[in-house]
Amino acid sequence: MSALDRRAALRVLASTTAAIFGAPAVLRGRFHLFGQQGAAYSARAVKLVEETVVIDMLNQFRFPDFAEKPPRSQKWMAATGSFAEKDWEVYRTSGIKVFGLGHGGVTYDDAVKWFADWNGFLAQYDQWFMRVDDVRDMDRLAGSRRVGVLLTFQGSDHFRSVQDVNTFFALGQRLSQLTYNYQNRLGSGFLETKDGGLSVFGGEVVARMNSVGMAVDLSHCGDRTTLDGIAASKQPVVFSHASARALAPDHARCKTDEMIRAMAKTGGAMGIPFLRMMIRPEEPVTIEHVVDHFDHVSRLVGIEHVGVGSDMDVVGNPNPVNGEPMRETPNWDRYRLHKDEQGQWMLTIRGLDHPRRMFDLTDALIRRGYSDANIRLILGDNWRRVMGAIQDST
């Protein structure tokens, strides 16, 4: 291809990108998305994000900001018509095509209300959003302006009986984390004082989840419960948001190499979170350290078993953890929170703390030498394969 042809091709790509995002292109193969004051991303990164159904398997849409009265995320669920086009633009231009919500409810009634609220919200704004029930819905999002929402849960306390798995599957739930931080009827969370492993009831729930096509998530489970859950499942299991303990020693929320290998043998995948304390035990913590976790998992078990599970919301959850280093809850120190370079108790990592962070991640993967095919796997194709395998098994 001649230099003239290359310049012409770049102009076409720049024009397409500007049309999609409503922003002008800049020279030398980098683009300022959403206005000249934004970060400049490589043409390759923009193309990869646009050509992939990008899936964040743990993204809670919008955390409540209690400085707002009421928080807008609560208002969206309560007041008809309160979600405006300018709100949707934040989601559309994020590059994320599927948001795995990861809500945590503690009772059956809480969960029923949550699913009712979300099903109502998605029905009201179906010109902008689509509930994702299976991989066919993911495929429909390709080339669409709509954004997908995957109804997932952090915890399984709402399963009073095995039959409740069927009930919530019918309401749209497609993934359930067996435990959250502490003990429940299924097993132990990682903050529990003693991990007793998967219970008999937990095994029955796993079997029913397998039978209906609901993904088994072990992200917050204690070590024994994690391994028991993997052993019990006949279908791929997932860590929707978990990093490698090999790179964050002594952090019980991270998964050991043994667990990662066992998960991969089921055909599952794990989503790397963008939270500083789960990436590195000391400062500084940068986007490059996040990519180290993608490197570790891909070298350990293969690129087919790693994706994104940011454990954030769309805007990047920029606030400190209540402004305090600890919470009044047992064993909270196991989270290993530490101050950032400015001396604040901060969850987020600079460069991954804003709505367009998938473009930053993609450029970081490019810098690290990942191929286009492997970047697409990380951005969404691995999650599509895993969820498809779970659903096809029924």
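Student: Is Cys254 buried or exposed?

Tutor: Keep in mind that this model is predicted. Cys254 is buried, with a relative accessible area of 0%. Cys221 also counts as buried, at 1%.

Student: How many disulfides does a search of the whole structure find?

Tutor: General idea first. A disulfide joins the sulfur atoms of two cysteines by a covalent bond. Here the search of the whole structure returns zero disulfides.

Student: How many salt bridges are found in the whole structure?

Tutor: The test is a side-chain nitrogen of Lys or Arg within 4 Å of a carboxyl oxygen of Asp or Glu. The search finds 22 salt bridges. Take Lys113 and Asp117: their closest N and O atoms are 2.8 Å apart.

Student: Where do Lys113 and Asp117 lie?

Tutor: Both are in helix α5, residues 108–124. They are four residues apart, about one turn of the helix. Lys113 is exposed, at 51% relative accessibility. Asp117 is partly exposed, at 25%.

Student: Which parts does the salt bridge between Arg174 and Asp133 tie together?

Tutor: Arg174 and Asp133 meet at 3.7 Å, N to O. Arg174 lies in the loop between α7 (163–170) and β8 (175–177), and Asp133 in the loop between β5 (129–131) and α6 (135–141), so the pair links parts 41 residues apart in sequence. Arg174 is buried, with 7% relative accessibility. The charged end of Arg174 also sits over the ring of Phe169, 3.7 Å from the ring centre.

Student: Where does the charged end of Arg185 sit?

Tutor: Over the ring of Phe201, 3.9 Å from its centre.

Student: What links Glu288, Asp292, Asp295, Arg367 and Arg368?

Tutor: A network of salt bridges connects these residues. Now a pair: Glu282 and Arg280 form a salt bridge, with the closest N and O atoms 3.9 Å apart. Glu282 is partly exposed, at 47% relative accessibility. Arg280 is partly exposed too, at 23%.

Student: How many aromatic pairs does the count give?

Tutor: For rings, read the distance between centres, then the angle between planes. The count comes to 29 aromatic pairs. One of them is Phe83 with Trp128, a tilted pair: 6.0 Å centre to centre, 55° between the planes. Phe83 lies in the loop between α3 (72–78) and α4 (85–92) and Trp128 in the loop between α5 and β5, so this pair ties together parts 45 residues apart in sequence.

Student: Are Phe83 and Trp128 buried or exposed?

Tutor: Phe83 is buried, at 2% relative accessibility. Trp128 is buried as well, at 12%.

Conventions
Residues are numbered from 1 along each chain as its sequence is written. This is a predicted model: local features need pLDDT of at least 70, side-chain atom pairs count only at pLDDT 80 or more; totals for chains, interfaces and linings use all residues. Side-chain values use heavy atoms; hydrogens and water are left out. Helices (H or I, at least four residues) and strands (E, at least two) are DSSP runs, numbered from the N terminus. Buried means under 20% relative accessible area, exposed over 50%, partly exposed in between (1.4 Å probe, protein chains only). A disulfide is a pair of cysteine sulfur atoms within 2.5 Å. Rings of Phe, Tyr and Trp (its six-membered ring) pair if their centres lie within 6.5 Å; planes under 30 degrees apart count as stacked, over 60 as edge-to-face and the rest as tilted. A charge sits over a ring if NZ of Lys or CZ of Arg is within 6 Å of the ring centre and within 35 degrees of the ring normal.
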